[in-house]
Amino acid sequence: MIKLLSSSPVAQQSGLAVIRIIVGLLMVYHGWEVFDASKIKEYTEWDFFKKFASPAFVVYIGKSAELLAGILMAIGLFTRLASLVLIATMLYIAFYVGSGKIWYEDQHPFLFVLLGLVYFFSGSGKWSVDAWLQKKKNYKQIY
């Protein structure tokens, strides 16, 4: 009970790793629509995308960014770069595609922005390819 009321972390690295993996998988789920031509066509018919010379190209870029950032976040590879892609994509969705009402209507993409910021500042942490590569690099430097 005392630990629950304490300001000290509880399983911080494991908790951050689990959340990173879930965030990555959620982004993969959203980005997977890049393979659904009917869904892409549906997005291109939104008023926001009609103003572009190639609405499908813009939608494919966005969905591909979601997919790539999601895969990288889930496995913890280039996590800070992946988080920047996630942040940029979700900011674009929240403020340009959406109406920027982050307290209600566009809360979902903005929450991904905040989660991206967490991993930009904290790194991939435990159970990640980044950590494995760092450990391997440190091991080689010793020997």
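**Figure 1. Secondary structure of the chain.** The predicted model has eight helices and zero strands, where helices (H or I, at least four residues) and strands (E, at least two) are DSSP runs numbered from the N terminus. Read along the sequence, the pattern is α-α-α-α-α-α-α-α. The C-alpha trace spans about 55 × 40 × 20 Å along its principal axes. Residues are numbered from 1 along each chain as its sequence is written. Because this is a predicted model, local features need pLDDT of at least 70 and side-chain atom pairs count only at pLDDT 80 or more, while totals for chains, interfaces and linings use all residues; side-chain values use heavy atoms, with hydrogens and water left out.

**Figure 2. The crossing of helices H3 and H5.** The axes of H3 (residues 37-44) and H5 come within 9 Å and cross at roughly 120°; axes are lines fitted to C-alpha atoms, for helices over the stretch in contact, with angles from 0 to 180 degrees between N-to-C directions. The crossing is right-handed, that is, the near helix is turned clockwise from the far one by less than a right angle. Ala 37, Ile 40, Tyr 43 and Thr 44 of H3 make the contact with Pro 55, Ala 56, Val 59, Tyr 60 and Lys 63 of H5 (contact: heavy atoms within 4.5 Å).

**Figure 3. The salt bridge between Lys 63 and Glu 33.** The side chains of Lys 63 and Glu 33 meet at 2.7 Å, N to O. A salt bridge is a side-chain nitrogen of Lys or Arg within 4 Å of a carboxyl oxygen of Asp or Glu, and the count by this rule is six. Lys 63 lies in H5 and Glu 33 in the loop between H2 (12-31) and H3, so the pair ties together parts 30 residues apart in sequence.

**Figure 4. The largest pocket.** The space in this pocket is about 530 Å³. A pocket is an open set of points on a 1 Å grid over the protein atoms alone where a 1.4 Å probe fits, with protein on both sides within 12 Å along at least five of seven lines. H5 gives the most to the lining, with seven residues (lining: an atom within 4 Å of a point).

How values were computed: Points joined across faces, edges and corners; volume = space filled by probe spheres on them.
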